[in-house]
Amino acid sequence: ATIVFAVSSAVSKWLVDIYPVGEVLFTRAAISLVACALFILPQTGLAVFHTQRRRDHVLRTLSQTVSQTFLMLAFSLMPLAGAVAINFSAPLFTALVSILLLKERVGFARWFALIVGFLGVLIVTNPGTETFQLGAVFALANALIYGSVTAAVRGMTATESAETLLMHQLLLITVFFSLLLPFGIAMPTWADAGLMLVNGLTNAVGQYWWTRALHLAPASAVT
C-alpha cells in the first residue's frame with residue numbers, strides 16, 4: 001500500500017500544479033469508488049453497506065476528507081519530498097492514539113523504530129525558518145489527523161470488514177469532495193485525464209491494501 005500510495009502522491013503533486021485541489025481530490029475519489037465497486041459489489045452485493053456503525057463511518061470519513069485536503073494543499077505549496085517527509089511523523093501520533101484508545105502494546109523495538117523514523121523526518125526536512133511555511137503546517141496537520149484516523153480504523157476492524165470500511169469511506173468521501181467542485185474546475189487534457197485515471201486506480205488499490213493491513217496488524221506497526 002505504501003508503494004502504491006507513493007505513486008498516487010507523485011501523480012497528485014503533478015496534477016495540483018495544474019488543476020484545482022478540489023477537482024484532483026474528487027476525481028481520485030470518484031474513480032476509486034467506481035473501481036472498488038466493480039470489484040467488490042459482484043461478490044457482496046449491497047450487503048457490504050450493512051453496518052451498525054454509520055456514525056463512526058461518517059466521522060472517520062470526515063476526518064480523512066480533512067486530512068487528504070490538507071495533504072493536497074501541502075503538495076500545492078511545497079516540494080513533494082518535504083510534504084511526504086513531514087507525513088512520516090504520522091506513526092508517532094498513531095502509536096500514541098493506539099495506546100490511549102485501543103490499549104495496544106507498543107514494545108521497545110517499535111518505539112525505537114518510530115523515534116528513529118521521526119529523527120529521519122527532521123534530517124530530511126532540516127527544520128529552519130524556511131521549513132515553517134504554510135505548506136508545512138498543512139502537511140503536519142495531515143500527519144496528525146492521518147495518524148489518528150489510522151488508529152480509529154484499526155478500532156473499527158473489530159466489527160467491520162475491509163470491504164465495508166472501504167465502500168463506506170469511498171462513497172462518503174466522494175460526496176464530501178464534490179462540495180469542493182464549485183471552487184474551481186478545469187477541463188483536463190487527454191494526457192492529464194489519463195493521469196487522473198491512474199491516480200484513482202492506484203488510490204483504490206492502496207486504500208484496499210491499507211485497510212486489509214489494519215485488519216491483520218496493530219495500527220502502529222502498519223504506519
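Helices (H or I, at least four residues) and strands (E, at least two) are DSSP runs, numbered from the N terminus. The model is predicted, so local features need pLDDT of at least 70 and side-chain atom pairs count only at pLDDT 80 or more, whereas totals for chains, interfaces and linings use all residues. Residues are numbered from 1 along each chain as its sequence is written, and side-chain values use heavy atoms, with hydrogens and water left out.

**Largest pocket**

- On a 1 Å grid over the protein atoms alone, a pocket is an open set of points where a 1.4 Å probe fits, with protein on both sides within 12 Å along at least five of seven lines, in contrast to a cavity, from which the probe cannot get out; lining residues have an atom within 4 Å of a point.
- The largest pocket holds about 780 Å³ of space, where grid points are joined across faces, edges and corners and the volume is the space filled by probe spheres set on the points.
- Its lining consists of 32 residues, of which Thr2, Phe5, Asn87, Phe88 and Tyr146 are the closest to the centre.
- The elements that each give two or more residues to this lining are α1 (2–16), α3 (54–77), α4 (80–87), α5 (90–102), α6 (108–125), α7 (134–156) and α9 (190–216), and the largest share, six residues, comes from α3.
- By residue class, the lining of the largest pocket divides into 18 nonpolar, 13 polar and one charged, with Ala, Val, Leu, Ile, Met, Phe, Trp, Tyr, Cys and Pro counted as nonpolar, Asp, Glu, Lys and Arg as charged, and the others, Gly among them, as polar.

**Salt bridges**

- The structure holds three salt bridges, each defined as a side-chain nitrogen of Lys or Arg within 4 Å of a carboxyl oxygen of Asp or Glu.
- Lys13 and Asp17 are joined by a salt bridge with an N to O distance of 3.7 Å, and Lys13 is buried at 16% relative accessible area, where buried means under 20%, exposed over 50% and partly exposed in between (1.4 Å probe, protein chains only).
- Arg53 pairs with Asp56 in a salt bridge whose closest N and O atoms are 2.9 Å apart; Arg53 is partly exposed at 22%, and Asp56 is partly exposed at 24%.
- Asp56 also forms a salt bridge with Arg55 (3.7 Å, N to O), so that shared partners join Arg53, Arg55 and Asp56 into one network.
- Arg55 is exposed, with a relative accessible area of 61%.

**Individual residues and a surface patch**

- Ile3, in helix α1, is exposed at 71% relative accessible area, and its C-alpha atom is separated by 9.7 Å from that of Thr202, 199 residues apart along the chain.
- Leu59, in helix α3, is partly exposed at 39%, and its C-alpha atom is 20 Å from that of Arg28, 31 residues apart along the chain.
- Ile115, Phe118, Leu119 and Leu122 make a nonpolar surface patch of about 330 Å²; Phe118 lies in helix α6 and is partly exposed at 31%.
- Patches are made of residues with over 30% relative accessible area and no salt bridge, with like charges joined within 9 Å and nonpolar side chains (Val, Leu, Ile, Met, Phe, Trp, Tyr) within 5 Å.
- Accessible areas come from the Shrake-Rupley method with a 1.4 Å probe, and for residues only the protein chains shown count as cover.
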